[in-house]
Amino acid sequence: MKTPHTRIHDVLKHGRPGQEVTVKGWVRSRRGNKQVQFIALNDGSCLQTIQIVVDLQTIDAETLKAITTGACIRADGMLAASPAKGQNVEIQARELKMYGSADPANYPLQKKGHSLEFLREIAHLRPRTNTFGAVLRVRSVMAYAIHRFFQQRGFVYLHTPIITGSDCEGAGEMFRVTTLDAKTPPLNEHAAVDFSQDFFGRETALTVSGQLEGELAALALGQIYTFGPTFRAENSNTARHLAEFWMVEPEMAFYELPDNMDLAEEFLKYLVQTALDDCSVDLEFLSAHYDADLFERLRSTDGVAFERLSYGDAVELLKKSGKNFEFPVSWGCDLQAEHERYLVEECCKRPVILTDYPRAIKAFYMKGNDDGRTVRAMDVLFPRIGEIIGGSERESDHAALLQRMREMHIPEQDLWWYLETRRFGSAPHSGFGLGFERLMLFITGMANIRDVIPFPRTPKNASF
Ligand code: 4AD
Ligand code: MG
């Protein structure tokens with residue numbers, strides 16, 4: 001039978017002296033003397049621990065001895081006003097029960113203050129640290145806020161496939177999905193792997209984006225959003241790239257580029273405001289330990305209109321900057337993180353939305369401008385992060401899209417269904433993709449993207 005117990009978050013918030021409570025959680029520390037001991041217990045419901053005061057005349061020393069850092073226990077007792085700093089109540093233990101001990105000689109989190117690098121090697125235990133408890137709670141609140149934002153505006157949540165036969169971004173950085181034997185795959189008459197014998201009877205891969213399917217649904221339901229995992233086999237071993245990351249992709253019929261920008265800006269501001277409103281305790285902890293400027297940065301983003309600049313103007317500003325960039329800038333080049341951060345942090349001192357990129361460096365589906373050399377793309381650039389959102393108005397004209405696909409060698413036979421939406425009831429439409437972990441970097445102030453997802457997948461790392 002389930003023993004009723006109270007979450008420590010609720011005990012600390014609503015508990016009154018004299019109340020009987022039961023709490024369950026993991027021991028963070030135990031200290032004291034031969035008469036009285038103090039256990040700090042955390043159950044993940046909040047950052048704080050509750051203090052359990054143990055009188056050795058009530059609880060026998062044997063029971064107490066096994067209650068070491070990391071052990072999981074239940075404590076029954078009465079709440080009393082606490083003289084300790086930062087909490088109103090503590091528990092005077094009547095009974096303690098051990099669920100699972102944690103041998104102090106072997107428990108990896110016995111001591112405090114481990115490096116983030118070390119914690120990445122023990123991803124199975126790091127949720128028990130203050131840092132990862134805080135990050136994971138904020139992540140959950142942000143995920144819920146994303147749904148709330150779109151649901152309140154009448155967007156339909158669309159589930160797009162994880163396994164796909166098409167390469168949305170056209171960059172070819174996909175993880176293959178197959179049930180064929182890697183050592184002895186069946187071969188066809190050209191001595192190439194015969195994928196007709198594979199599970200789906202064709203080549204398939206993990207999706208890099210739900211956008212193309214999102215567009216199909218937007219041209220039926222009006223406004224949709226996706227929120228799911230995406231996979232990229234790019235070998236970027238940076239603090240901003242994951243091989244498996246979560247993306248939010250709204251897609252809206254009848255939106256043109258300025259509408260798309262307005263929505264992206266409103267969306268990001270809503271998420272920052274939610275974090276400030278609902279995650280203050282966890283964010284204060286993260287700020288104190290990792291990023292002293294966190295709150296200043298969050299508030300500054302929320303309070304200002306994002307700067308809107310064309311790619312061409314941005315290139316001029318970068319050229320005039322007098323900065324010695326590692327990658328030199330000229331019209332047509334892809335902007336690097338160093339350029340993006342200069343524009344945001346030094347030049348404009350606010351988030352920037354860059355538009356109208358050269359067509360050659362952007363995906364095939366973006367709508368062309370009349371100048372013939374730029375497309376209606378938009379990237380939202382954030383302080384410390386660089387690109388946090390990428391999006392565009394889509395090419396909705398069948399002939400123009402087909403021509404662009406041919407120019408870029410996008411296999412039209414694989415995307416016949418995508419082309420077909422431009423033949424039947426096409427409409428102007430736009431959308432964008434927010435990298436959820438990039439957002440999490442910004443919100444939490446953490447420096448490495450591996451530390452804002454529970455189980456990071458990066459080159460040479462998918463152990464568990
Ligand atoms: O700019 P990207 O590649 O755009 C798309 O995939 C479009 N289909 C989106 C759309 O218009 N619906 O990716 C969108 C965002 C980036 O701005 C970045 O925040 C994030 O996804 N992102 C990554 N995040 C972590 N690790 C990676 N390897 C990422 N690649 C992109
Ligand atoms: Mg992009």
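## Aromatic pairs

This predicted model holds 19 aromatic pairs. To count as a pair, rings of Phe, Tyr or Trp (its six-membered ring) need centres within 6.5 Å; planes under 30 degrees apart make the pair stacked, over 60 edge-to-face, and the rest tilted. Take Phe150 and Phe267: their ring centres are 4.8 Å apart with planes at 45°, so this pair is tilted. Helices and strands here are DSSP runs (helices: H or I, at least four residues; strands: E, at least two), numbered from the N terminus.

Are Phe150 and Phe267 buried or exposed? Both are buried. That word means under 20% relative accessible area, while exposed means over 50% and partly exposed lies in between (1.4 Å probe, protein chains only). Another pair, Phe364 with Tyr365, is edge-to-face, at 5.5 Å centre to centre and 70° between the planes. Phe364 has a relative accessible area of 1%, so it is buried, and Tyr365 is buried too because its value is 4%. There's also an aromatic cluster, made up of Phe149, Phe150, Phe155, Tyr157, Tyr225, Phe267, Tyr270 and Phe432.

## The chain as a whole

Step back and you'll find 13 helices and 16 strands in the protein chain. Its C-alpha trace spans about 85 × 55 × 45 Å along the principal axes. The chain has 464 residues, and 50% of them count as buried.

Now for contacts, meaning heavy atoms within 4.5 Å. Among contacts with a separation of 6 or more, 67% are between residues 24 or more positions apart.

A word on the ground rules: residues are numbered from 1 along each chain as its sequence is written, and chains are lettered from A and ligands numbered from 1 in the order in which they are written. Because the model is predicted, local features need pLDDT of at least 70 and side-chain atom pairs count only at pLDDT 80 or more, while totals for chains, interfaces and linings use all residues, and side-chain values use heavy atoms, leaving out hydrogens and water.

Ser430 is buried because its relative accessibility is 0%, and His429 is buried with a relative accessible area of 0%.

What does the side chain of Ser430 reach? The backbone oxygen of Tyr255, at 2.6 Å. That's a polar contact: a pair of N or O atoms within 3.5 Å, where within protein one must be able to donate a hydrogen and the other to accept it, and residues adjacent in sequence count only if both atoms are side-chain atoms. The C-alpha atoms of Ser430 and Met252 are separated by 5.5 Å, although these residues are 178 residues apart along the chain. Leaving aside neighbours within four places in sequence, Ser430 has contacts that include Pro250, Leu257, Asn260 and Ser392.

His429 has a polar contact of its own, 2.7 Å between its side chain and that of Glu215. Beyond four places in sequence, the residues in contact with His429 include Leu219, Phe254, Ser396 and Arg422.

Ser45 is in the loop between β2 (36–42) and β3 (50–55). It counts as buried because its relative accessibility is 14%. The Ser45 side chain reaches two backbone nitrogens: that of Ile8 at 3.5 Å and that of His9 at 2.9 Å. Once neighbours within four places in sequence are set aside, Ser45 is in contact with Arg7, Ile8, His9 and Arg137.

## Positive phi angles

Asp356 has a phi near 55°, a positive value in a residue other than glycine. You can find Asp356 in strand β13 (residues 352–358), where it is partly exposed, with a relative accessible area of 23%.

Arg384 also has a positive phi, near 70°, and is likewise a residue other than glycine. Arg384 is in the loop between β14 (374–382) and β15 (386–393), and counts as partly exposed at 23% relative accessibility.
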